[in-house]
Amino acid sequence: MNSVYDEVRGLIVLGTYPAGRPVTEQELCDRLGVSRTPVREALRRLESDGLVQPARRGVTVVELGAKEVRDAYLVRAALEALTAELAADRRRAGELAPADLARLGHLADEADRATRSGDLAEGVRRNRAFHRHIAVLAGNPPAAEALDRLWDRITVSTRASLAAPARTAQVDEEHRHLVAAITEGRSEDAAALARTHVLSTMSALGGTEA
């Protein structure tokens, strides 16, 4: 069963409560059927995550400015380079099961299909699953946790600019090269490919198709 924190975070990240939206404790209590204490604790955690900020009544969902979005992408590029490098290192050391690598390829397939179908929200979700699996393969929980928080903030702040991606084929090609580098244990290549991929997405801003 999801915690109140997970439920409120989901309402924000999935767009029920979009960037700039004011949210009161009472509204959340009524919606979730819980008391104020867990709601208050959830909002404190979400404030720490950078997803909400205090308002006169309750909180407001945070909307990053253009520079803040760019800053988040730059950090994401560095972290994804690290996780790709670590995943390739683990592959070269024989620490990753073939099924783990097969799943990475499967997630790339799903991301491409969802994006090409025109279901942009699903495309974002599938792309995020692809990148998150690389972070899992890296075996570095602090990096994975930091990336999750960055993804949340970027997704919430760029949702309003969600549009048909202009570089669908390029994104898929970049994903495939990244899968190959990790699968072949080419650590330096994996890091470079991951970094370039995120920075290319940043340049395309929206940034929602990576």
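This report describes the fold, the nonpolar cores and several individual residues of a predicted model.

## Basis of the model

Because the model is predicted, local features require pLDDT of at least 70 and side-chain atom pairs count only at pLDDT 80 or more, whereas totals for chains, interfaces and linings use all residues. Residues are numbered from 1 along each chain as its sequence is written, and side-chain values use heavy atoms, with hydrogens and water left out.

## Overall fold and dimensions

The chain contains nine helices and three strands. Both kinds of element are DSSP runs numbered from the N terminus, helices being H or I of at least four residues and strands E of at least two. In sequence order the pattern is α-β-α-α-β-β-α-α-α-α-α-α.

For 210 residues, a compact globule would have a radius of gyration near 17 Å, and the value of 18 Å for the chain agrees with this. The radius is taken over C-alpha atoms, and the globule rule is 2.2 Å times the number of residues to the power 0.38. Along the principal axes, the C-alpha atoms fill a box of roughly 55 × 35 × 30 Å. Of the contacts between residues at least 6 apart in sequence, 74% join residues at least 24 apart; a contact means heavy atoms within 4.5 Å.

## Surface and charge

The accessible surface of the chain comes to about 10400 Å², and carbon and sulfur atoms account for 51% of it. Areas come from the Shrake-Rupley method with a 1.4 Å probe, and for residues only the protein chains shown count as cover. Buried residues make up 46% of the 210 residues. Buried means under 20% relative accessible area, exposed over 50%, and partly exposed in between (1.4 Å probe, protein chains only).

There are 29 positive and 31 negative side chains, and the centres of the two sets lie 4 Å apart. Lys and Arg count as positive and Asp and Glu as negative, while His and the chain ends are not counted. Each charge is placed at NZ of Lys, CZ of Arg, CG of Asp or CD of Glu.

## Nonpolar cores

In soluble globular proteins, nonpolar side chains tend to be buried together. A nonpolar core is here a set of buried Ala, Val, Leu, Ile, Met, Phe, Trp, Tyr and Cys residues joined through side-chain atoms within 4.5 Å. The largest such core has 20 residues, and those with the most contacts inside it are V8, I12, Y17, L28, L43 and L46. Two or more residues each come from α1 (4–13), α2 (25–32), α3 (36–49) and β3 (59–61). Helix α1 gives the most to this core, with six residues. Apart from this core lies another, of 17 residues, among them A87, L107, L178 and I182.

Once neighbours within four places in sequence are left aside, L46 is in contact with Y5, V8, R9, I12, L51 and V52.

## Buried threonines

T60 is found in strand β3 and is buried, with a relative accessible area of 17%. Not counting residues up to four places away in sequence, T60 touches G20, R21, P22, L51, V52, Q53 and A55.

T155 belongs to helix α7 (residues 141–158). At 10% relative accessibility, T155 also counts as buried. Beyond neighbours within four places in sequence, T155 is in contact with V13 and R128. T155 and T83 are 72 residues apart in sequence, with their C-alpha atoms 20 Å apart in space.

## Exposed and partly exposed positions

R125 is located in helix α6 (residues 120–138) and is partly exposed, with a relative accessible area of 47%. The C-alpha atoms of R125 and T155 are separated by 9.7 Å, and these residues are 30 apart along the chain.

A93 lies in the loop between α4 (66–92) and α5 (98–117) and counts as exposed, at 52% relative accessibility. Although A93 and G185 are 92 residues apart in sequence, the distance from C-alpha to C-alpha is 8.3 Å. S48, in helix α3, is likewise exposed at 52% relative accessibility. S48 and H175 are 127 residues apart in sequence and 31 Å apart in space, C-alpha to C-alpha.
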